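Thanks for coming. I will keep this short and go through one structure part by part.

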Amino acid sequence: ELNDIKELKNKKIEFARNELANISIKAILKAHNVEVNAIEHTFTIDTFAAKKSDAIVGYLSNQPYFLIKQNIPYTVYNPKDFGFDFYGDLVYTSTSMVEKNPKVVADFVNASKKGWEYAFEHLNSSVDLIYEKYNTQNKSKEALAYEASVLKSLSGYGHNFGEFKLERVQEIGKVIALLFPQKFKNIHLENLIWNESRELIEYYKNGYLKNNNTFNVCVLDNLFPIDGINEGKLTGISGDVLNKIAQQFGLVLKPIQSKSFKEHVENIRQNKCDILTITAEDGYKQFGNMKRSQFYLDSNLVIVTKVDKPFMDTSGTLLNKKFITKYAIAKKYLSALYPNINVEINENIDAVIKKLENDEIDGYITDNITVDRVIQTFGYGKYKISGFLGNEKPIRGAFGVIDSKPELVEILNIGIESFSQKELKEIKENWKVTRYSTIVDTDLVLKLIVGFLFIFSIVAIVVFILKRHNKELNEWLDSTIEGIAIFENGRLIKANKQLLSIFGYKELSEIYLKTYFDFVIRQQHKEITKRLQNNQEPYELTFIKKDGTLFDGLIKGRNIRGTNKRISTIIDISELKNAQKELKELNTHLEEKVRQEIAKNEHQQTIMFQQSKLAEMGSILNMIAHQWRQPLNNISLIVNTIIIKQKKGILDLNALTQYKQDFQKQINYLSNTINDFQNFFKPKKEKEYFKIYEVVMNTYSLLKPIFEKNHIVFSSNIDATIEYFGYKNELAQVLLNIFNNSKDALWENHISNKLLRVELTQTPENLMLILQDNGGGVEKSNLEKIFEPYFSTKNEKNGTGLGLYISKIIINDHFKGDISARNCNEGLEISITIPTIINKNSDYEIGKSF
């Protein structure tokens, strides 16, 4: 029956009398000016159940189980809900132990974490072990299972398990200093946290590596840009990573280059290699004398085909196809993912490409990192990527290390851990499509020179023959009623007289090397891009003449096989379109009726908007309450501190001034919170420029306390410079609807590792916001319905069925965009696509980004 923290005033509470024990509980009481009658803790619920105590300090994993079992109702006051988020159990050691035995400390910490992780992964067997051997409290298996489940959810397992941040420790220190100002002042905590990487680097540099810092590195030349050698030094992705690790530890790396995989294997098995630049997953086991480091690289597999082949996906187009790969591990990996796939192994890339050229196979499968070099080597105009495999499970790459040097494995692991995921990704992207010139095959150059001379002779003969037929061809082109244009690599190189006449030009030189887009209005550039992908039947476009006037034309395009050329034919259909326009005017009365129906529909939508707004009010009040809770706690704590100092006669003018400033900051925060919510929900009819990132983060800030209370981790990947021109608050309302839905799904489905991520991608035509959670997704049969009015996957108490419907109206009608949903990664992914082009000839401006 004690439902408010202030009702604990003068009540009996069981907890330790030591002033530093249960410090977060004392912070709550102090902040609310609640004095209690502390009594000794019995460490059972007996006194509490008998109502001899009014409250008991306990563990969420322990006391609630026994209260529930005895049907005793209770109220929980969690310090985290009041803004006092302290660390619990910690592993600590002495400074001297760290200095003398950093390796022992590191091994102990990592072994401890692995032990906990194993226990969380095998809860049932862990409970059995404790019950049988270590059950000093005589708990039942059911009680132990309850404790295990709660501890797992509180530990950060699967997300930030074992994380220990200096910033959070410093905040805890500030609270303790505020609660006990006479005892804890000027606390320096900078060296409190163990820096494993720094300590181990010094340990190995001054120990194992002091007289043994030179290592041989085996490089397989045909894996560039994953690895390679340039001027006697390691290069490529693995080279960048190894060179930085070498710089950290003072290593000397000597590359050993292998021209073939056979030679590569022989070097490894003869123990000539201390380090192998790349081994995929368990590939190191084939050598028999190698261990593996942590992974530093991941990649997917792609299908290379000739340019005229269609794109392949994994839904069924792989059946009855024949593929070749040079990696044995790739075959094993693909066979596990696609049991019916037909893949052979052939390490001779020249032979494979020949088979591909002769249509003896349907595709060559390789990784998405080295594929660019393969296509560059054998011809960008002849081969392309026509499919992606295994996106759901990337292949990971690590360093191989000779098993006689386990210390070297640990050194590489420390070095790899010093890289952030962002740094590793940047290294991979930097090498993915660049710097191929750093490795030169002289035999290939010689072959190219001889081939060039031979081709030049053939070309000279062909040119002579073509000149004889060129005049005849030009006369044939100029005799057609269609305008004919030939483009090479997207630029105009040839046009007949009829095409020049249609566009109002006199000479080809006036339009020579212009692109497709120079002849068409800007609003249809997206349509052209889509149509240029393959051959097309005739379709309509609006073209621009030399004098700037517009006309409607019918165009048909076709790629010239085996070249980068495309031939397009154009007919002016302006007169036909004018006739259609006259016919359209006859239907004006019909359009008027349609407009009336649209007006009715808009009225209905307005009603739905109001219903949706009313449904959101409760949620809004809840958000404001969460935003206000912490500053109100702080105000209470400040006032209480002033009163205590005044009573003790130690309140001077400087301290009072500081408290006044702190008090004003909290008041301003409360006021700003109201302003934020007022501005957020204030309707705006005028468009404005705004940054997408700011809208996303401002919207999240309204829900941040609720997300933190529910342990929902929010992350974003958005370029903060991207601007948009449109209805800012309406986009914010859409985001708020989706954020709320994700929060509800994550909570209702009892997800332990709750995640919500927002990403923004940009193309010349569109901006795409992708919002993805791991809340269990939506049943497949309901995916198409969630944007319909009054349809909700929530129960009647929590859902109106209008949120996503209103969101769809806003995106479709007010942004001229699209919103869709799909199940992805154990959750729901909402995609919002809005165009970035400004159409000045229409009644609305779609948007603009920079």
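I will take the strands, then the salt bridges, then the surface patches. Please keep in mind that this is a predicted model.

Let me begin with strand β16, residues 483-488. Strand β16 pairs with strand β20, residues 565-572, in the antiparallel sense, and there are 6 bridges between them.

Is β16 largely enclosed, or open? Of its 6 residues, 5 are buried, so the rest of the structure largely encloses β16.

Now to the other partner of β20. Strand β19, residues 550-559, runs antiparallel to β20, and 7 bridges join the two. Lys556 has Thr569 in β20 as its bridge partner.

I will show a few of them.

One joins Asp359 to Lys309, with the closest N and O atoms 3.6 Å apart. What does this pair tie together? Asp359 is in the loop between α13 (349-357) and β13 (363-367), while Lys309 is in the loop between β10 (301-306) and β11 (322-325), so the contact ties parts that are 50 residues apart in sequence. Asp359 counts as partly exposed, at 43% relative accessibility. Lys309 is also partly exposed, at 30%.

Another salt bridge is between the side chains of Glu723 and Lys691, at 3.1 Å from N to O. This pair links distant parts of the chain, since Glu723 belongs to strand β23 (residues 723-726) and Lys691 to strand β21 (residues 688-691), 32 residues apart. Glu723 is partly exposed at 22% relative accessibility, and Lys691 is partly exposed at 27%.

A further one brings together the side chains of Arg822 and Glu829, at 3.0 Å from N to O. Which end is buried, and which is partly exposed? Arg822 has 44% relative accessibility and counts as partly exposed. Glu829 has 8% and counts as buried, because the limit for buried is under 20%. There is also a network: Lys80, Asp85 and Arg168 are joined by salt bridges that share partners.

Last, the surface. Glu1, Asp4, Glu7 and Asp54 gather there in a patch of negative charge. One of them, Glu7, sits in the segment before β1 (12-14). Glu7 is partly exposed, with a relative accessible area of 36%.

The other patch is nonpolar, formed by Leu60, Ile68, Tyr74, Val76 and Leu154. Together these residues have about 410 Å² of accessible area. Leu60 lies in the loop between β3 (55-56) and α3 (63-69), and at 33% relative accessibility Leu60 counts as partly exposed.

That is what I have for today.

Conventions:
Residues numbered from 1 in each chain as written. Predicted model: local features only at pLDDT ≥ 70, side-chain atom pairs only at ≥ 80, totals over all residues. Heavy atoms only, no water. Patch = residues over 30% accessible without salt bridge, like charges linked within 9 Å, V, L, I, M, F, W, Y side chains within 5 Å. Areas by Shrake-Rupley, 256 points an atom, 1.4 Å probe, with all protein chains shown as cover. Salt bridge = Lys/Arg side-chain N within 4 Å of Asp/Glu carboxyl O. Lys, Arg positive; Asp, Glu negative; His and termini not counted. Charge placed at Lys NZ, Arg CZ, Asp CG, Glu CD. Helix = DSSP H or I, 4+ residues; strand = E, 2+ residues; numbered from the N terminus. Buried < 20%, exposed > 50% of the residue type's maximum accessible area, 1.4 Å probe, protein only. Pairing = 2+ DSSP bridges.
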